[in-house]
Every structure is written in structure tokens, then in C-alpha cells.
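Here is a short briefing on one structure. Have the sequence and the model open as you read.

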Protein chains: 2
Amino acid sequence: MVDGVIKTDLIAVLVAVTAGQPRVLTIEEGSALPSGPLQTGHRSLQSGLRAWVEQQTHHPLGYVEQLYTFADQQPGARRSISISYLGLSREGAAEYPGAAWHGWYEYFPWEDTRTDRPCLAPIMEALEGWAGGAPSKRARVAGLLGKDGQGWNEDLVLPRYELLWEAGLVPEAQRKEPTTEGWLAPGLEMTHDHRRILATAIARLRSKIKYRPVVFELLPREFTLLDLQQTMEAIAGRTFHKPNFRRFIEQSDLVEETGRLASGLAGRPAKLFRFRPAVLAERSFTGTKLPIVK
Amino acid sequence: MVDGVIKTDLIAVLVAVTAGQPRVLTIEEGSALPSGPLQTGHRSLQSGLRAWVEQQTHHPLGYVEQLYTFADQQPGARRSISISYLGLSREGAAEYPGAAWHGWYEYFPWEDTRTDRPCLAPIMEALEGWAGGAPSKRARVAGLLGKDGQGWNEDLVLPRYELLWEAGLVPEAQRKEPTTEGWLAPGLEMTHDHRRILATAIARLRSKIKYRPVVFELLPREFTLLDLQQTMEAIAGRTFHKPNFRRFIEQSDLVEETGRLASGLAGRPAKLFRFRPAVLAERSFTGTKLPIVK
DNA sequence: CAGATTATACTCGTTTTGAGTATAAATGGA
DNA sequence: TCCATTTATACTCAAAACGAGTATAATCTG
């Protein structure tokens with residue numbers, strides 16, 4: 001093996017939000033993300049990624065941004081590099097055999113604070129058992145999970161996952177060094193470090209949506225303000241204060257009325273909006289915080 | 001050449017702030033960043049980076065975070081991947097032959113808005129000439145450079161550099177397709193795409209410093225509030241309102257008094273501060289905007 | 001000791017947040 | 001038909017944060 005010469009994989013986390021649930025495009029029964037090796041024929045990293053995703057899922061790749069580059073440390077085996085990407089899109093009508101959309105909270109049930117989280121209590125208990133009397137470990141658990149949801153920071157998806165890994169509460173951790181068969185946190189598993197990559201993608205999207213207008217990649221051309229709010233709530237895993245959310249959207253000059261009304265549903269019909277052209281051409285939306293309900 | 005097997009380089013942007021000037025560690029007379037191929041002996045990407053930086057500059061690598069992964073598209077040549085990193089540190093006393101700290105505004109004179117920028121007028125002029133009558137190009141120029149510093153967004157370092165590249169105003173652009181010998185923007189050049197990587201690093205740091213307490217990596221253990229302000233100003237390339245900056249720091253619970261006073265300089269001696277332990281253990285500092293002087 | 005220099009402490013009006021209430025326009029069943 | 005239900009939209013109001021100043025304190029220099 002020549003120094004500096006290495007196998008390179010491209011991995012995609014493709015996200016859509018359907019009916020208030022964020023979903024991720026998977027292959028192999030939801031246990032893996034679309035991926036494949038970078039090949040000589042690929043003109044660029046992104047076009048290589050595009051080729052693999054379209055071959056494996058027949059889903060077109062829209063907005064894409066780079067996430068992170070990992071090195072796999074397989075002892076004995078050839079080293080490999082994984083370059084991961086986050087893509088935003090909408091769930092298509094056509095399904096392709098082998099490809100399926102899965103709710104991302106199936107993989108991270110503790111990350112959805114919009115509803116009650118029955119899983120949280122046992123996780124806290126297991127983590128406190130793991131931390132024992134060590135003050136630094138106890139502080140880490142408290143800082144990442146918060147006391148009864150107090151001070152929950154939705155951006156810390158990856159540190160929380162890594163904490164569960166260190167505590168041996170996710171099956172992936174058992175793969176490398178199978179210790180005592182203990183209690184495991186709920187949530188679907190993935191091959192290799194794909195679940196870790198998904199955690200990275202969720203964190204990135206949760207953080208980015210606050211200061212960059214990327215939501216519109218996830219919505220149809222026309223939508224109601226409630227659609228917009230629920231899409232952002234789904235991603236953040238939190239609920240927002242409705243009047244303040246509207247004010248926030250108005251102030252940021254994000255959308256404009258189309259003049260049409262939504263129909264069919266119960267209650268007073270909502271106005272339909274579209275994103276303003278300046279927003280689509282990448283604009284501010286800067287710095288403001290989301291009006292999260294306490 | 002086997003599919004998916006590729007040469008991988010590690011590149012470091014090491015930043016320090018000395019005497020109110022941000023500096024970057026370079027080799028080869030300031031024309032290149034420390035870098036080298038990933039090797040079999042390297043235990044991880046970061047440890048490989050560490051080895052190269054220490055070999056080429058004898059400077060220890062402290063806080064490091066990944067920046068971006070590029071693919072080089074050399075027609076005919078073997079494809080290569082570059083994984084770039086941002087490191088924060090302090091300028092050491094010892095110098096190593098071949099390694100040198102250069103002010104980062106030597107490479108991007110137009111990015112330092114703390115003082116007058118005589119370079120800005122000719123750059124605007126050249127860009128307006130390039131844009132001609134095309135409205136989309138004119139809008140892009142106006143949005144990125146602002147009208148006489150109005151609405152300058154310090155985070156857009158990379159888009160501005162790319163604009164200059166497209167307009168043929170940086171020498172790197174001439175390397176690929178040497179066109180007419182026109183006027184060039186001031187600023188030092190670098191090999192390959194190293195100046196582009198530096199732009200990425202500056203942008204990342206400017207953005208990150210607003211919502212994460214990373215400054216302390218750049219300051220000594222004890223410092224005055226003015227030291228802190230000037231370090232942040234150097235990075236942002238802007239000046240802040242002093243009373244409001246102090247209020248901002250107090251509110252964010254970032255620092256605590258050490259009880260000692262700075263000595264030796266003119267004027268009333270300043271209290272010395274240190275970062276609070278909770279900050280070093282990665283805490284909030286979230287969302288707030290910097291008190292920029294208008 | 002006077003003046004320059006730097007640090008630090010307040011003030012004050014404006015904007016932005018957080019939280020809540022009131023009214024409007026549809027649907028659906030009694 | 002009418003009334004309860006549901007959803008949308010429009011205001012209100014106090015607290016906190018922000019932007020832009022001014023005033024005072026403690027040093028050094030000559």
C-alpha cells in the first residue's frame with residue numbers, strides 16, 4: 001500500500017419532512033445510508049455522490065452541502081475515508097425497491113421533545129448509573145440531557161449520541177468491544193458509523209435553520225404559515241409559540257402572500273405563501289433566535 | 001488506478017492573534033500552508049495533520065477542527081483529496097527556519113474594515129467594469145462588497161474571494177487560463193488553492209466566534225477586557241463599541257476576575273480576567289450578536 | 001501637580017422578546 | 001339553521017436586550 005493512497009467513500013444523508021415528521025432516505029431496510037466509493041469517472045465529489053444516490057434510490061439530489069470527513073480505523077484492513085453530505089429534498093411519490101424513507105426520530109427517539117418522551121427517564125437512569133460518583137461524568141450527563149428537559153439544547157445531537165456510546169447504551173458500542181449484556185437505549189441501529197453520520201446531519205440542520213433560510217428546500221412552492229412552522233418544529237424537535245413565530249417570519253421578510261387560500265381542511269382557511277425571490281437567491285435571515293416555547 | 005483509491009493530503013490553517021493582528025502559520029516564504037499526505041503510520045486524520053505541522057514548523061497543534069474536504073481536478077494527473085483543518089493557538093517564541101507567521105490581512109487586505117481600506121475603491125471599480133451592464137453581476141458585487149462599507153457582512157470572505165477570482169482579479173485565476181494582463185487586486189498569493197482554504201478558515205472563525213467561546217484558545221490564561229475585545233476585533237475585522245462589548249461579556253458569564261491588575265502600560269491599570277471553568281468545558285454563549293459599531 | 005491616557009460605571013430611549021388575549025372565518029353535527 | 005369546534009389572524013403589554021452616549025476613577029508622563 002502506497003502512503004497517502006486511500007479508499008474514499010461518499011455518503012449521503014438525504015432529508016425530507018413529510019406530515020410533520022423529518023425523514024431520511026435509507027437503503028437495506030433502513031439500516032444504511034446511500035453510499036459508494038468515489039470513482040475515476042466521477043467529475044467531482046458531489047457528482048459522484050449524485051450518481052450513487054440516484055443508482056441506489058432513484059431519488060434526485062437537490063440542495064447538498066458537505067458534512068464531515070471521517071477516517072475509518074479498521075485494524076489490519078485497508079484504511080478508508082468517508083466524506084459525508086447533507087441533502088435537502090421532498091419525499092417523492094415513486095418508491096424504488098430497497099430504498100425507503102424512515103423517520104429520523106426512529107433512530108433518535110430521545111431527540112424529539114415535541115411530545116412526551118417516555119424513553120428519557122430510563123436513559124437518564126442508565127446514564128446516572130454509568131456516571132456513578134464521578135463528578136465530571138455527572139456534569140456531562142446533566143449538561144447534555146438537562147434536568148427534566150430544563151435547559152435542553154437541541155443542537156447537541158452528536159455529543160448526546162457519543163455519550164450514549166461511551167456509556168455502552170447503543171448497540172454500535174457493543175460491536176467493537178462486547179461487554180456485559182446491559183440495557184440498551186431505544187432506537188434503530190445502522191451499519192458502520194451511519195447512525196453517527198445521521199446525528200451529525202441532524203445537528204447541522206438544526207443549527208443552520210436558525211440563521212440561514214434553508215427550509216424552503218423542504219417545502220413545496222406554496223405553503224401555509226402552519227406548514228412552515230411545523231416543518232421547522234419537526235427539524236428542531238421543539239414546539240414554537242405560534243403568534244411569535246408568525247411575527248418572526250414577518251420580520252425576517254422571508255415570505256410573501258400568493259393571494260390564494262388553502263382549502264379542504266377544518267377551520268378557517270389559511271393564506272398560502274411563497275418564499276421571496278431574494279430569499280431563494282440566498283439572503284440574510286441572520287442571527288435571530290427561534291421563538292421556542294418554554 | 002483502482003476506483004476509489006486516491007491520494008489524500010492534510011492541510012492546516014493555524015491561526016494566532018498577536019498585537020491585534022490575526023496571523024497564520026506558513027511555510028515557503030508565506031506562500032503555502034503546512035501540509036502533507038496522509039500516511040499509513042498516522043493513527044487518525046488529526047494525528048497525521050499534527051505530525052506534518054510539527055515536522056514542518058515545529059509548532060504544537062492545539063485546538064483543531066475540520067474545515068472542508070476538496071477534490072483536486074487535475075486533468076490527466078492522479079486525483080487527490082485535500083482535507084483542511086482550522087487550528088487555534090498562540091504565537092510561540094521559538095521560530096523554525098522555513099516557517100513564519102504572516103498577518104492574514106496581507107492575503108486579504110480588503111477584509112480588514114477596522115481601518116481605512118485604500119484598496120477598496122480600485123477593487124470596486126475593477127469589479128464594476130467586469131460586471132458591466134449585467135444586473136445579476138452588479139447585484140452580486142453590491143451584495144458582497146456593500147455600498148461604501150454599508151451593509152458589509154464580515155462572514156462572506158469566501159464568496160468575495162470567489163468573486164474576485166471569477167473577475168480575474170487574483171493571480172490564481174490567471175494561472176489556469178492566462179487571459180489579458182489586467183489590473184490585479186492587492187494581497188499576497190499562495191500555491192495551489194491554499195489562499196482559498198485560508199478564506200474558508202477566516203470565514204469559519206468569524207462566524208464561530210459569535211456563538212461559541214473559542215477565543216480563549218487564542219488568549220493567554222490571564223488577559224484584560226481590552227485584550228479580549230481587540231482579539232475579537234482582529235478576527236471579525238471590525239471595531240466594537242467598548243461599553244457595550246463589556247456588557248456583552250458580562251452578560252454571557254464568559255470570564256471572571258483573577259484579582260490581579262495589568263501593569264506597565266499607560267493609563268489606569270486594567271483588571272485581569274480568566275475564562276470561567278464552565279466555558280472551558282464548552283458552554284453556551286449562544287445566539288447573541290456582537291455589538292458592532294455603526 | 002496638570003494633562004494625557006486608559007479603565008470602569010452609569011444613563012436612557014428604542015427594539016426585540018416572551019407570553020398571553022381577542023376576533024375572524026371556515027366546518028360539521030344536532 | 002344554528003351552535004360548538006377548529007384553525008387563522010390580529011393585537012396588547014411588560015420585561016429584557018441593544019445602541020449610543022456621558023461621567024468618573026486610577027494610573028503614567030513631564
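How near do the axes of helix H3 and helix H4 of chain B come, and at roughly what angle do they cross? In this predicted model, the axes of H3 (residues 135-145) and H4 (residues 157-166) of chain B come within 10 Å and cross at roughly 140°. That angle makes H3(B) oblique to H4(B).

**Helix packing in chain B: H3 with H4**
- The crossing of H3(B) and H4(B) is left-handed.
- H3(B) contributes B:Arg140, B:Val141, B:Leu144 and B:Leu145 to the contact, and H4(B) contributes B:Pro159, B:Arg160 and B:Leu163.
- By type, the residues of this contact are 5 nonpolar, no polar and 2 charged.

**Helix packing in chain B: H7 with H8**
- Helix H7 (residues 225-236) of chain B packs against helix H8 (residues 242-251) of chain B at about 100°, and their axes are 11 Å apart.
- Angles of 65 to 115 degrees count as roughly perpendicular, so H7(B) and H8(B) are roughly perpendicular to each other.
- On the H7(B) side, the contact is made by B:Leu225, B:Leu228 and B:Gln229.
- On the H8(B) side, B:Lys242, B:Phe245, B:Arg246 and B:Ile249 make the contact.
- The residues of the H7(B) and H8(B) contact comprise 4 nonpolar, 1 polar and 2 charged.

**Helix packing in chain A: H4 with H6**
- Helix H4 (residues 157-166) and helix H6 (residues 194-208) of chain A pack at about 150°, with axes 8 Å apart.
- Angles over 145 degrees count as roughly antiparallel, so H4(A) and H6(A) are roughly antiparallel.
- In H4(A), the residues of the contact are A:Val157, A:Leu158 and A:Tyr161.
- They meet A:Arg196, A:Ala199, A:Thr200, A:Ile202, A:Ala203 and A:Arg206 in H6(A).
- This contact divides into 6 nonpolar, 1 polar and 2 charged residues.

- Chain A has 9 helices and 8 strands.
- Of its 294 residues, 34% count as buried.
- Among chain A contacts between residues at least 6 apart in sequence, 64% join residues at least 24 apart.
- The largest nonpolar core holds 133 residues, and A:Val13, B:Val13 and B:Leu198 touch the most other members.
- Leaving out residues up to four places away in sequence, B:Val13 touches residues including B:Val24, B:Leu33, B:Leu67, B:Ile197, B:Leu198 and B:Ala201.
- Other residues that B:Val13 touches include B:Ser84, B:Tyr85, B:Leu86 and B:Gly87.

**Positive phi in chain B**
- Most residues other than glycine have a negative phi.
- B:Glu29 is not a glycine, yet its phi is positive, about 60°.
- B:Glu29 sits in the loop between strand S2 (21-27) and strand S3 (35-37) of chain B.
- With 10 other C-beta atoms within 10 Å, B:Glu29 is exposed.
- B:His58 is not a glycine either, and has a positive phi of about 55°.
- The loop between helix H1 (45-57) and strand S4 (63-72) of chain B holds B:His58.
- B:His58 is partly exposed, with 14 other C-beta atoms within 10 Å.

**Residues to inspect**
- Is A:Glu233 buried or exposed? A:Glu233 is buried, because 22 other C-beta atoms lie within 10 Å and 20 or more count as buried.
- A:Glu233 belongs to helix H7 (residues 225-236) of chain A.
- A:Glu233 touches A:Arg114, A:Arg238, A:Thr239 and A:Phe240, not counting residues up to four places away in sequence.
- A:Glu233 and A:Gly20 are 213 residues apart along the chain, and their C-alpha atoms are separated by 7.9 Å.
- A:Glu128 lies in helix H2 (residues 120-131) of chain A.
- A:Glu128 counts as partly exposed, with 15 C-beta neighbours inside 10 Å.
- From A:Glu128 to A:Glu250 is 122 residues in sequence and 44 Å in space, C-alpha to C-alpha.
- B:Ile209 is in the loop between helix H6 (194-208) and H7 of chain B.
- B:Ile209 is partly exposed, with 18 other C-beta atoms within 10 Å.
- Beyond its neighbours within four places in sequence, B:Ile209 contacts B:Val214, B:Val215, B:Met232 and B:Ile235.
- B:Ile209 and B:Ile235 are 26 residues apart in sequence and 8.5 Å apart in space, C-alpha to C-alpha.

Notes: Residues are numbered from 1 along each chain as its sequence is written. Chains are lettered from A and ligands numbered from 1 in the order in which they are written. This is a predicted model: local features need pLDDT of at least 70, side-chain atom pairs count only at pLDDT 80 or more; totals for chains, interfaces and linings use all residues. Axes are lines fitted to C-alpha atoms, for helices over the stretch in contact, and angles run from 0 to 180 degrees between N-to-C directions. Helices (H or I, at least four residues) and strands (E, at least two) are DSSP runs, numbered from the N terminus. Angles under 35 degrees count as roughly parallel, over 145 as roughly antiparallel, 65 to 115 as roughly perpendicular and the rest as oblique. Two residues are in contact if their C-beta atoms, placed from the backbone, lie within 7 Å. Ala, Val, Leu, Ile, Met, Phe, Trp, Tyr, Cys and Pro count as nonpolar, Asp, Glu, Lys and Arg as charged, and the others, Gly among them, as polar. A crossing is left-handed if the near helix is turned anticlockwise from the far one by less than a right angle, and right-handed if clockwise. A nonpolar core is a set of buried Ala, Val, Leu, Ile, Met, Phe, Trp, Tyr and Cys residues joined through C-beta atoms within 7 Å. A residue is buried if 20 or more other C-beta atoms lie within 10 Å of its own, exposed if 12 or fewer, and partly exposed in between; C-beta atoms are placed from the backbone.
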